[in-house]
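These are my notebook entries on one protein model, kept in the order in which I looked things up.

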Amino acid sequence: MTSQTTVDKTGSGDKTPVVPSDRTTDRGLRGHPWLTLITVAVGVMMVALDGTIVAIANPAIATDLGATFADVQWITNSYFLALAVTLITAGKLGDRFGHRQTFLIGVVGFAAASGVIGLSSSIGMVITFRVFQGLFGALLMPAALGLLRATFPAEKLNMAIGIWGMVIGASTAGGPILGGVLVEHVNWQSVFFINVPVGILAVVLGVWILTDHRAENAPRSFDLLGIGLLSGAMFCLVWALIKAPEWGWGDGMTWTFLGISVLGFALFALWETRVKEPLIPLGLFRSIPLSAGVVLMILMAIAFMGGLFFVTFYLQNVHGMSPIDAGLHLLPLTGMMIVGSPLAGAMITKVGPRIPLAGGMACTAIAMYGMSTLEKGTGSGVMSIWFALLGLGLAPVMVGATEVIVGNAPMELSGVAGGLQQAAMQIGGSLGTAVLGAVMASKVDNDLAGNWAEAKLPPLSEAQLHQASEAVQVGAAPVPPDTPAPIAEKITDVAHDTFISGMSLASLVAAGVAAVAVLVAFLTKRGANADAAGPGAGHI
């Protein structure tokens with residue numbers, strides 16, 4: 001017999017039953033907690049991997065499809081933005097229609113969109129289907145966390161979330177290595193094609209293993225106006241940040257989009273207090289630890305995703321490494337995240353999240369500062385120290401912030417909490433790429449003309465300088481064909497010096513963001529998961 005799980009929605013002792021829609025949880029392997037974890041990990045791995053595996057392929061995509069720097073940014077930003085905008089809505093869909101169905105639809109759609117990108121012949125198609133990847137990825141990410149919440153008993157849930165966070169961390173960090181192997185030995189299209197067999201495996205396991213659990217008071221309507229306001233506000237914010245280097249930070253268009261974004265967020269918050277079933281119940285944010293966890297995820301992702309965006313160009317275009325060599329140079333980052341995640345989970349279980357989270361962000365800040373000191377001649381040993389420290393710092397944040405957000409949310413909002421956790425990370429990733437990209441572009445624009453003249457190179461027209469600046473922003477040297485070797489060498493030196501100055505400033509900004517996150521970490525605390533026990537507990 002399957003028992004019901006009850007949840008205290010208000011803290012007043014009123015319990016709401018969570019009714020499993022599939023009564024086969026005690027028969028065979030369906031609903032087994034650890035098999036459920038393996039199943040959702042396969043799907044989550046696919047989405048997390050795609051967040052960074054494409055970074056190593058960006059130079060090859062740009063060369064093959066003739067993409068500009070802005071196009072390359074949109075390959076990343078379109079994916080992150082689509083995820084960020086729809087994750088909370090997708091979490092609501094899971095709460096309403098069941099996390100199992102939502103997860104399976106997300107996996108199928110994500111794999112299909114990946115296959116289409118691999119067949120794309122233009123940068124426009126790549127960006128368009130990156131959006132579809134983000135939309136379907138948004139369906140499966142919060143659904144995966146909702147399935148874990150409903151399946152694992154309270155005493156095992158933290159361990160499950162730790163392993164879940166380890167999968168995300170390892171996949172995120174392992175993306176550049178796998179991407180390097182695929183780009184160098186196959187082609188950039190294989191970076192996307194690999195998702196097809198992984199998606200098929202996740203669907204087969206999902207149909208066989210997963211069972212569904214829904215709250216009895218699941219939402220019956222959708223906050224369409226709230227979805228529109230939040231989506232519009234996020235789009236205007238990121239669009240302004242990306243276009244600011246081209247328009248200018250003092251330009252009216254830049255501030256118009258920023259102003260519309262602020263207005264959109266304000267109207268969204270006002271509407272959420274009035275609608276019967278809001279997209280995000282603002283009462284969630286009365287929990288200071290939950291709010292701190294969300295802010296922490298955003299700040300962590302700004303520092304990590306934004307910094308990683310330029311490191312791949314630094315390794316390939318400045319140091320002249322092949323994609324696979326660039327990926328291998330990031331192995332210390334990957335290795336420390338894989339090793340550090342379970343250790344961080346054990347530490348957080350023992351001492352709580354505050355110290356591990358604060359220490360992790362302090363390590364991240366130091367690592368980003370160290371990366372600001374990288375130069376053209378920096379050796380692999382020095383780079384490895386900073387990459388390893390970055391991985392060591394990120395591991396407890398990936399694991400701990402997830403537990404803080406999910407553990408401090410009521411059970412009947414598990415989908416919303418999962419969406420909120422992932423939305424925070426994706427918003428941070430999108431903002432990090434946009435903000436640090438803007439910092440890089442501004443620094444290059446300011447320095448390139450002077451560095452060019454100082455090297456006594458032939459003067460450039462305004463149009464030529466603009467084209468050269470776009471190349472330098474990704475670490476490439478704008479050397480015209482048939483340029484004499486001495487002149488080509490000077491152009492390359494100027495381009496690399498200018499790029500590194502921009503990367504250094506961007507890394508310092510990322511270090512500052514991570515330092516602020518240290519303070520935020522002290523506002524977190526362990527979540528109350530006593531009501532999280534799922535009906536699959538009998539399988540443990």
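**Confidence.** I looked up pLDDT, the predictor's confidence in each residue on a scale from 0 to 100, and found that the protein chain averages 80, with 87% of the residues scoring at least 70. I note that this is a predicted model, in which local features need pLDDT of at least 70 and side-chain atom pairs count only at pLDDT 80 or more, while totals for chains, interfaces and linings use all residues. Residues are numbered from 1 along each chain as its sequence is written, and side-chain values use heavy atoms, with hydrogens and water left out.

By element, where helices (H or I, at least four residues) and strands (E, at least two) are DSSP runs numbered from the N terminus, confidence is lowest in strand β1 (residues 5–8), at a mean of 41, and highest in helix α13 (residues 354–371), at 93. I marked two stretches where pLDDT stays under 50: residues 1–26, for which the model has 64 contacts beyond four places in sequence, and residues 529–533, for which it has 21 such contacts. Contact here means heavy atoms within 4.5 Å.

**Overall fold.** I counted 17 helices and three strands in the protein chain. Of its 540 residues, 59% are buried, a term that stands for under 20% relative accessible area, with exposed meaning over 50% and partly exposed lying in between (1.4 Å probe, protein chains only). Taking contacts between residues at least 6 apart in sequence, I find that 85% join residues at least 24 apart. The accessible surface, from the Shrake-Rupley method with a 1.4 Å probe, comes to about 19700 Å², and 68% of that belongs to carbon and sulfur atoms.

**Cysteines.** I then asked how many disulfides there are, and the count comes to zero under the rule that two cysteine sulfur atoms must lie within 2.5 Å. I also looked up the exposure of two cysteines: cysteine 236 is buried, at a relative accessible area of 11%, whereas cysteine 363 is partly exposed, at 22%.

**Aromatic rings.** My search of the whole structure gave three aromatic pairs, where rings of Phe, Tyr and Trp (its six-membered ring) pair if their centres lie within 6.5 Å, and planes under 30 degrees apart count as stacked, over 60 as edge-to-face and the rest as tilted. One of them joins phenylalanine 129 and phenylalanine 132 in a tilted arrangement, 5.4 Å centre to centre with 35° between the planes. These two residues are three apart in helix α4 (residues 123–151), so about one helical turn separates them. Phenylalanine 129 is partly exposed at 23% relative accessibility, and phenylalanine 132 is partly exposed as well, at 37%.

Another pair is that of tryptophan 188 and phenylalanine 192, which is edge-to-face, with 6.2 Å between the centres and 85° between the planes. Both partners are buried: tryptophan 188 has a relative accessible area of 5%, and phenylalanine 192 has one of 0%.

I also noted that arginine 130 lies over the face of tyrosine 79, at 4.2 Å from the ring centre; for this, NZ of Lys or CZ of Arg must be within 6 Å of the ring centre and within 35 degrees of the ring normal.

**Two buried residues.** Where does phenylalanine 152 sit? I place it in the loop between α4 and α5 (154–185), and it is buried, with a relative accessible area of 0%. Its C-alpha atom is separated by 8.8 Å from that of histidine 32, 120 residues apart along the chain.

Glutamine 316, in helix α10 (residues 288–318), is buried at 11% relative accessible area. Leaving aside neighbours within four places in sequence, I find glutamine 316 in contact with Ile56, Pro59, Met321, Ser322, Pro323 and Ala326.

**Positive phi.** Lysine 456 has a positive phi of about 60° although it is not a glycine; this residue lies in the loop between α15 (414–454) and α16 (462–472) and is exposed, at 71% relative accessibility. Aspartate 482, also not a glycine, has a positive phi near 65°, lies in the loop between α16 and α17 (485–521), and is exposed with a relative accessible area of 80%.
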